[in-house]
Amino acid sequence: MRAAIKQEVQSIHPVDDLETEHQHSVLTWIASDVPLCRTAKPATPAQHLVSYFVVVDVANKMLLLGHHTKANLWLPTGGHVEPDEHPRAAALREANEELGVTPEFLLETPLMLTVTETVGNTTQHTDVSLWYVMHGQASQPLQYDVNEFSDMQWFALNDVPLDTSDPHMARFLDKLHKILTA
């Protein structure tokens, strides 16, 4: 599975120096013998792999964010990659668990990679996040996991609450914009 995860990370075209740095450090981490996936809740090992799946309504230029109860931030949906699980499979599993849907990927490989120290009401740890982009429709009714999210909303791409979202959200939106306008 390390080879598949390495391939996902290598497929990403960094947008800036920070993403280049993250990609290099994550490839070094993958090459080590440490566990890549969370093996025990809430945060063992202290750095582990996460698959975000950002649901985007391309026609209406909107994306779906959930107000995460533990982080107290508006975040893309997603979750921890299980041992021996491909990160894309984790994104699909989480989409089913958190939204009750099986969306299709807008891009087959992740658009972005980030390394982030968690915040909020959780055991501090580092998330290595692969950001997948999936098709969605703002008109589609959603049933979200109320244990994980206190609210779920569609935001216009230029109205995403950057000050209360993932610290890398503005960088992600820049990359997404380049893909959508190409």
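Pro42 lies in the loop that connects H2 and S1. In this predicted model, a cis peptide bond with omega of about 5° joins Lys41 and Pro42. The loop between H2 and S1 also holds Pro45, and the peptide bond from Thr44 to Pro45 is cis, with omega near -5°.

**Backbone features in loops**

Most residues other than glycine have a negative phi, and most peptide bonds are trans. Lys61 is placed in the loop between S1 and strand S2 (62–68), whereas Asp84 lies in the loop between strand S4 (77–80) and helix H3 (87–99).

**Overall architecture**

The protein chain contains 4 helices and 7 strands. Read from the N terminus, its elements follow the order α-α-β-β-β-β-α-β-β-β-α. The radius of gyration is 15 Å, close to the 16 Å that the globule rule gives for 182 residues, so the chain is as compact as a globular protein of that length. The C-alpha trace spans about 45 × 40 × 30 Å along its principal axes.

Of the 182 residues, 47% count as buried. Contacts between residues at least 6 apart in sequence join, in 68% of cases, residues at least 24 apart. The accessible surface of the protein chain is about 9,000 Å², and carbon and sulfur atoms account for 51% of that surface.

**Helix H2**

Helix H2 comprises 15 residues (residues 17–31), which should span 21 Å at 1.5 Å a residue; the end C-alpha atoms are 21 Å apart, in agreement with that expectation. At the start of H2, a side-chain oxygen of Asp16 comes to within 3.3 Å of the backbone nitrogen of Leu18.

The buried residues of H2 are Glu19, His22, Gln23, Val26, Trp29 and Ile30. Because these residues cover an arc of only 130° around the axis, they sit on the same side of H2. Their packing partners are helix H1 (2–10), strand S1 (47–57), strand S5 (112–117), strand S6 (126–135) and helix H4 (169–180). The face of H2 turned away from the buried side carries the exposed residues Asp17, Glu21, His24 and Ala31.

Definitions and conventions:
Residues are numbered from 1 along each chain as its sequence is written. This is a predicted model: local features need pLDDT of at least 70, side-chain atom pairs count only at pLDDT 80 or more; totals for chains, interfaces and linings use all residues. Side-chain values use heavy atoms; hydrogens and water are left out. Helices (H or I, at least four residues) and strands (E, at least two) are DSSP runs, numbered from the N terminus. The expected span of a helix is 1.5 Å times one less than its number of residues. Buried means under 20% relative accessible area, exposed over 50%, partly exposed in between (1.4 Å probe, protein chains only). The arc is that of the directions from the helix axis to the C-beta atoms. Contact means heavy atoms within 4.5 Å. A polar contact is a pair of N or O atoms within 3.5 Å; within protein, one must be able to donate a hydrogen and the other to accept it, and residues adjacent in sequence count only if both atoms are side-chain atoms. The radius of gyration is taken over C-alpha atoms; the globule rule is 2.2 Å times the number of residues to the power 0.38. Accessible areas come from the Shrake-Rupley method with a 1.4 Å probe; for residues, only the protein chains shown count as cover.
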